[in-house]
Amino acid sequence: MEKDILDTILANHQIKTVFQPIISLQDGKVLPYEALSRFWYERETIAPLDLFDVAKLYNRESDLEILCLNKALETAQGHHFMSHPYNNKLFINISPCLFSEEVIDPKFTTDYLNAYNLSPSSVVFEI
């Protein structure tokens, strides 16, 4: 995969967030949902791991992570499972690069979730 594909995806926000339910084997109830990012370029699906490898190679990993995080929170905001009284949790994978590069400051989480009208108790960041 080439750098121009990464640049196009980042510039045009060619990302879709889907939510995978995590089901309890005890009672069949949905516990949390996991946000998963899907990418495309010229009608072709791009494998997330391949895109992250290219992003890391060109020092754009933080840009891609922030795009995924923004889209996950934006999309979750409109879903019924994230509505009050916050019966379900949303799991979002985040790379340690966001913390190691100081992209995220300690106030980031609360401010970000408030911007999307999401409760901090309903979102879990998996590092």
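In this predicted model, helix 1 (residues 3–12) packs against helix 2 (residues 48–57) at an angle of about 100°, and the axes of the two helices lie 10 Å apart. Because angles of 65 to 115 degrees count as roughly perpendicular, helix 1 and helix 2 are described as roughly perpendicular to each other. On the side of helix 1 the contact is made by Lys-3, Leu-6 and Ile-9, while helix 2 contributes Leu-51, Val-54 and Ala-55. Sorted by class, this contact of helix 1 with helix 2 holds five nonpolar residues and one charged residue, with no polar residues.

Helix 2 also takes part in the largest pocket, where it supplies five residues, the largest share of the lining. At least two lining residues each come from strand 2 (30–41), helix 2, helix 3 (61–77) and strand 4 (89–93). The space in this pocket amounts to about 390 Å³, and among the 18 residues that line it, Ser-37, Pro-48, Phe-52, Cys-68 and Asn-93 are the closest to its centre. The lining divides by class as follows.

| Class of lining residue, largest pocket | Number of residues |
|---|---|
| Nonpolar | 11 residues |
| Polar | three residues |

As to confidence, the protein has an average pLDDT of 85, and 87% of the residues score at least 70. Confidence is highest in helix 1, at a mean of 96, whereas helix 4 (residues 97–100) has the lowest, at a mean of 70.

Conventions: Residues are numbered from 1 along each chain as its sequence is written. This is a predicted model: local features need pLDDT of at least 70, side-chain atom pairs count only at pLDDT 80 or more; totals for chains, interfaces and linings use all residues. Side-chain values use heavy atoms; hydrogens and water are left out. Axes are lines fitted to C-alpha atoms, for helices over the stretch in contact, and angles run from 0 to 180 degrees between N-to-C directions. Helices (H or I, at least four residues) and strands (E, at least two) are DSSP runs, numbered from the N terminus. Angles under 35 degrees count as roughly parallel, over 145 as roughly antiparallel, 65 to 115 as roughly perpendicular and the rest as oblique. Contact means heavy atoms within 4.5 Å. Ala, Val, Leu, Ile, Met, Phe, Trp, Tyr, Cys and Pro count as nonpolar, Asp, Glu, Lys and Arg as charged, and the others, Gly among them, as polar. pLDDT is the predictor's confidence in each residue, from 0 to 100. On a 1 Å grid over the protein atoms alone, a cavity is a set of points where a 1.4 Å probe fits but cannot get out, and a pocket is an open set with protein on both sides within 12 Å along at least five of seven lines; lining residues have an atom within 4 Å of a point. Grid points are joined across faces, edges and corners, and a volume is the space filled by probe spheres set on the points.
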